Amino acid sequence: MSKTKKLFASTASVALVAAAIVPAASAAQLNDIEKVPGYAKEAVQYLADNEILKGDQNGNFNPAKTLSRAEAAQVIYLARGLKAEGTEDFSDVSAKDWFYDAVVATSPEIFTGDNNGKFNPKQDLTREQAAKVLVDAYGFTGSADLSNFADASKVSKWATSYVAIAVENGIISGKGSLLAPQDKISRAEFATMVKRAIDKVENVEEEVVVTSVDATNGSVTVKFDKELTVANVADFKLTQKIGQGEAKEVTATKAELSEDKKSVVLTVPAVEATDVEQNVVTSVSYKDAEAVTAEAFKVAANEIEVESVTAINGKQIVVTFSRAVKKDTVLNDQGTKDTSDDVLLASAVAITELDGQAAPNAITEASAKASLSADGKTLTITPQTTEYFKGRYTVVVSDTVKTTENVAFPKATFNLNVDDTTRPTLTGVTYKDYVTAQVEFSEPISTTGTVSYKLADGSSLAVDPTATVVDGKLNLNLTAVTDVNKDITVTIVGATDYNGNVVAPNPVTVTVKKDTSDTTKPTVSAITVTGSNSFDIKFSEALIANPTIANINGQAVTVVKDTTDSTLYHATVAGAALTGLQTVAVTAFTDLSNVTGTAYSKAVNFTADSTAPVLVSSKVELIDGVEYLVLNYDENVTPTDAVAIDGTYLDNYVSTAMTTLTTETAAVPVANAPFSLYKPVDGKSKSVKLALTALTRSTEYTVTLDKGLVTDLYGNQSAEATNFKFTRTSNASVDAPKLDNTYGTNGIQVSATDNNKLTVRFDKPVDGATAVNAANYVVEGATVTSAVLTNNTGTATVELTLAKDSNTLTGARAITISGIKSQTGNVMTTTTVSEALVENVRPTVAKAELTATNTITLTFSENVYNASGTDDFDVYVGGVKVTPADVSTATTAAATPSKTLVITLTTPLTAEQVASGIVVKPSSTINVNDASLAGVAETTGNALNFTSITVQ
């Protein structure tokens, strides 16, 4: 069908036009106006007065009647003042139809047809569909948290962002605590939503002036003298001129309004790097105003070099290149469509252990998995099986590694020191198919920990999934699960990475589902250029396998799934950089329910990135005893050698010039370096850290970060940052205490007989006041009630007591210790370790029932050991203690704990005695415990928490 793209007029203008229409029929003339709900009456009157909504042939508005797609298109057509331009060849829409102009005016930008080329004009509109068409019609942006609505999970995947935007802008307020996304929308509800949309934009000030333009590679910031209400891409005209070339029109793909509403950030295609440095001039005009220009950045070619080797965690290292790497010079392709099984070419990278590490810390290059990023500039190496990095290594990248233009990278050697203390975090769930859920973490995990399952109502599953670790992910096999199309809450306790760091938070929960309900075809949502020969493809839902992309310009296309977004794929085209329009054809793609989408193609314009990296945040942090200034950028960056750092510091409130410092990049700290940059921080290549050891004063510093302090992967230099302030706060000392790793596995031992006790040992005597401060010890999932210093000679030992019933789950838990000082006053570095704890929830007596005239059955909250009717419990009838003769089921044996106990009385009870009240209380010799600890002695485990219970 013909889909002619139409440019809408600005939202503000349309709202004013709609409000200016001369009323032809008052809402009072609607025969059933009194039947309109109170919440909608004002909206109905406004829309009727402006001939946007009308009554039927009998003069009735019918507020409770549902709204068809054709009727909704007509309302938006009139409310927005759109023009019926172009043609829409829907097989079920004719030029004779009363709604023909509305369909032409609103498609495809607002309304789209189905996969069979039909508009479906008579189909009822749902509430989530109404949110979509109004968000698109008025160009609203933003995102609200939908978790406050009880049925947020019922919003369709494709509609989630639209509903969130509609809620954020007040278009949808919900039905009480519900969104009711699948409900058919009534005429009264739709009228209310349209009026809210008009109200949202009706006060837009059109007489605004552009005061400045700041262009960077990939975005343009336009500032105004007054506030705007909305930002529409169609209101801006952009051109770019690179060097002496001709000015070319550029189309923004996104417009975002700032918080103060006085500036708009436009997302534009990045400028392609060239072989010589070039000025880039951007010109912007807003509506019909005069254009404003900005010469804000330069773009230059990247050098051919291996930039860095860094560890992103204990299981993975990354090699960063300045140019895209030719795949077959670093990877041994295993010959399948799934690139996850590719391995490293041993001739490309050599890894040598410097500390004599043996297995599992000795790395076998030839069996290590490896993958290239979508842009071909980052090589990620993951050792196979149980191998992982710990300690010092030399990594040599061979000169056999080549660029995609077949130019060799110079041989490069890097020193690597890996000491992974970062805890893995949950990043989401992807589905290999509808019976295989993959729980993914920020880094590969080694152990599953303890995994349990519940349905949304708290009940157990008929058949649980099976959990295994596959390629560092927690794989849940749902094949045998019979509870289909139901949310399954998965609780993971104590899963660890390869260095033993426990997952954070711990426990962590995630929801999965064996979904068999989907019969909708997947579609391509968007194709976005990300580089001169790379692009992203966004789908309407997750796919069962990588999509198939036809060759572009005669070159093969490699596709890699995004690590965090299961609907996003990164595509790289082999060969030289692409220029101009190219046809991207997605020939095959299938969703997780095995439903195949319709082939899709689109003409895409390829340009390159020329946006300078932007400093987005900074923080002074103490890391491994060294204080750093951590700089975080909006993209991957590389620090630059020999950049001068000038500034001042406050000396007794007087600004004093500090000695000029010079940057020196390194993989590990350099002894006595005046001011060194290291990267990455916590495995994030968007960050660099600057060692502050040479700055001896604990005071505020004001410096200038020169242009080019860092560069991005395209070689774009960071901008100069003047008047940049940070505060030096401490000088860590080697005298600061540390955990004594010779004690237990990491300086901590858990009591074998008491779930509420554990001890911590430090490597030297400590300051007693800080050692006994319980607030300095944080045990994840539990509460520390006291800390007692039991030894402070040579080493220091502290016994911690946990609050009873505070640790509800058994498994590895993170224990964080901070604020402990040495006896000379030096504070330890905050340290987090993991330790296996046993739950300390005490069993209780859940109920007591009179099951016969002479028997009382006690039911416990869990299995218990050693319960006896004669030694552990007393029975009171009418307030008088009686003596039970025996226990009909023998005393719960040590090896066979039980959840019930039957107490048999010598004499059967009479009706009068029952009426007087029967109470069971603990005896003075009670010693009932749960089965939480290994071993069966009656003094182990969590003791019964019981005072009395009335027999029912």
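**A close look at Asn-361**

Mentor: A polar atom of the Asn-361 side chain lies 3.1 Å from the backbone oxygen of Tyr-388. For a polar contact, a pair of N or O atoms must be within 3.5 Å; within protein, one must be able to donate a hydrogen and the other to accept it, and residues adjacent in sequence count only if both atoms are side-chain atoms.

Before going on, a word on the source: this is a predicted model, where local features need pLDDT of at least 70 and side-chain atom pairs count only at pLDDT 80 or more, while totals for chains, interfaces and linings use all residues. Residues are numbered from 1 along each chain as its sequence is written, and side-chain values use heavy atoms, with hydrogens and water left out.

Now, where is Asn-361 in the chain? Asn-361 lies in the loop between β13 (349–353) and β14 (369–372). Strands here are DSSP runs of E with at least two residues, helices are runs of H or I with at least four, and both are numbered from the N terminus.

Is Asn-361 buried or exposed? Asn-361 counts as buried because its relative accessibility is 14%. Buried means under 20% relative accessible area, exposed means over 50%, and partly exposed is in between (1.4 Å probe, protein chains only).

Which residues surround it? Setting aside neighbours within four places in sequence, Asn-361 is in contact (heavy atoms within 4.5 Å) with Glu-353, Tyr-388, Phe-389, Lys-390 and Tyr-393.

Let us step back to the whole chain. The chain has nine helices and 60 strands. Of its 952 residues, 46% count as buried. Among contacts between residues at least 6 apart in sequence, 64% join residues at least 24 apart.

Some of those strands form an open sheet of three, in the order β47-β50-β51, with antiparallel pairing. Two strands pair if DSSP finds at least two bridges between them. The edge strands, β47 (777–779) and β51 (831–837), each pair on one side only. Three bridges join β47 to β50 (residues 811–817), and these two strands run antiparallel. Within that pair, Val-778 stands opposite Thr-816 in β50.
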